[in-house]
Amino acid sequence: MSEYLAVLLFAVAGIGIVLITFGISRLLRPHNPYPEKNVTYECAEETVGPSWIQFNNRFYIFALIFVIFDVEAIFLFPWAVAFGQLGLFALVEVTLFLMILFFGLFYAWKKGVLKWV
Amino acid sequence: MLEVIIISSIKVLTVVIVVLTCCAYSTLLERKLVAYMQHRLGPIYAGPWGLLQPIADAIKLMFKEDLVPDRVERTLYTLAPILSFVPSLLVFAVVPFSSDFTLFGYDVTGVISDLNIGVLWVFMITGFGVYGVVLAGWSSGSKWSLLGGIRSSAQMISYELSYGLSIVGVILLANTLSMTEIVGQQDSIFSWYIFRQPLGFILFFTCAVAETNRAPFDMAEAESELVGGYHTEYSSMRFASFFVGEYANMLAASAVAATLFLGGWQGPLLPPIVWMMLKVFFGMFIFIWLRGTLPRFRYDQLMNFGWKVLFPLALLNTMVTGLIVMLTNGTN
């Protein structure tokens with residue numbers, strides 16, 4: 001338990017440092033905003049249209065593939081820790097598991113999901 | 001119990017201050033090294049060899065006006081720099097920086113917290129780093145920031161996979177997730193995991209460069225096309241927070257690489273803490289060297305490299321290591 005307490009202390013110290021430096025800076029810095037200064041940067045032109053523009057929908061697909069494979073990676077950690085006691089059966093099983101997912105990646109690859117044009 | 005809390009607090013404060021100082025001086029180291037690689041001198045006016053430059057930079061950033069453009073989402077805009085900086089610092093909670101020692105009659109362990117899930121903690125915290133980037137990009141209300149944030153979050157999650165998988169080989173050999181035990185197992189130079197996991201180390205370090213958004217994977221702040229990427233609209237201390245966070249991330253990645261692959265604080269003659277510092281700064285040197293040497297990837301090349309080269313290699317490394325461990329152990 002004391003191990004997690006130390007981590008908590010560390011988190012408190014980390015957040016504390018940020019707040020203290022922000023606080024000191026707030027006391028020291030000038031504060032003089034005016035409308036021209038507060039305009040969003042767009043190469044010195046007036047901003048055109050909304051800021052939340054369309055972007056390539058491939059980003060969503062990458063996020064989806066990421067979730068699948070990240071879960072896979074998490075499953076591998078306990079397997080790796082206990083590998084000494086598990087032996088051949090676990091190795092075969094994990095190899096099968098990895099193979100299925102790897103073919104999934106291969107399928108996505110062949111379908112052109114990983115292509116950026 | 002009180003004694004434990006006091007000792008922990010002192011250690012926490014020491015580590016936080018040391019890490020922040022190292023971050024500040026890493027900026028100087030980077031500017032100097034890159035300058036020498038390009039036949040320039042780098043900072044020379046602030047103190048001898050530019051040694052006061054980081055302090056001058058810090059004071060300058062403190063006194064800068066904090067601009068908050070009209071279009072930003074206030075809450076997330078404020079939260080993003082903190083979410084980017086604090087996780088990079090929290091990695092150091094599980095990194096063993098020295099052997100156990102006795103100070104003023106108290107036994108002190110050489111790590112802030114020897115979590116039995118240390119390696120998982122590192123990856124959990126590294127995963128948090130994405131939030132800082134994507135929230136900063138989205139909440140700034142600027143097209144540059146949005147594109148930079150989306151791009152680099154996609155990059156970071158893509159490389160996070162191989163980052164996690166490249167470690168599985170080491171865990172297969174070590175049979176533990178505790179960083180302290182992993183260091184304990186590498187007590188001579190021949191048992192360093194880099195020699196048994198050379199591919200794992202290369203994969204780990206490549207992904208670490210991509211995770212920290214450093215050149216040649218610095219798509220997040222490709223100045224020539226995205227202005228400043230996700231921190232275009234940030235100024236003053238908020239910008240400094242991202243900046244220090246990037247260097248803290250690099251230090252953390254070097255420290256984790258040193259711990260998992262290079263024997264951590266183990267080494268002959270010199271005190272353990274000195275060995276740890278040497279190994280961490282060796283990692284930092286490689287980061288800076290890469291920046292001074294390699295041109296930036298194009299975005300599609302970067303994603304292809306992550307998914308079609310690094311990820312299959314990491315899977316292969318895991319399976320081959322498993323097979324070899326199986327065969328050499330002789331268990332069935």
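Author: Keep in mind that this model is predicted. Begin with helix H3 of chain B, residues 74-90: its 17 residues reach 25 Å from the first C-alpha to the last, close to the 24 Å expected at 1.5 Å a residue.

Reader: Which residues of H3(B) are buried?

Author: Burial is judged by counting neighbours: 20 or more other C-beta atoms within 10 Å make a residue buried. In H3(B) the buried residues include B:Tyr77, B:Leu83, B:Phe85 and B:Leu90.

Reader: What do the buried residues of H3(B) pack against?

Author: Their partners come from both chains: helix H1 (2-28) of chain A, and helices H1 (2-37), H4 (118-139) and H10 (236-261) of chain B.

Reader: How many residues of chain B are in contact with chain A?

Author: On the chain B side there are 67, and they meet 55 residues of chain A. H1, H2, H3, H5, H10 and H12 of chain B each supply at least two residues of the side that touches chain A. By class, that side has 39 nonpolar, 18 polar and ten charged residues.

Reader: How should I read a phi value?

Author: Most residues other than glycine have a negative phi. Here B:His39 has a positive phi, near 55°, and B:Asn213 also has a positive phi, near 55°.

Reader: Is B:His39 buried or exposed?

Author: B:His39, in the loop between H1 and H2 of chain B, is exposed because it has 6 other C-beta atoms within 10 Å. B:Asn213 lies in the loop between H8 and H9 of chain B and counts as buried, because it has 24 C-beta neighbours inside 10 Å.

Definitions and conventions: Residues numbered from 1 in each chain as written. Chains lettered and ligands numbered in written order. Predicted model: local features only at pLDDT ≥ 70, side-chain atom pairs only at ≥ 80, totals over all residues. Helix = DSSP H or I, 4+ residues; strand = E, 2+ residues; numbered from the N terminus. Expected span 1.5 Å × (residues − 1). Buried ≥ 20, exposed ≤ 12 C-beta atoms within 10 Å, placed from the backbone. Contact = placed C-beta atoms within 7 Å. Nonpolar A, V, L, I, M, F, W, Y, C, P; charged D, E, K, R; others polar.
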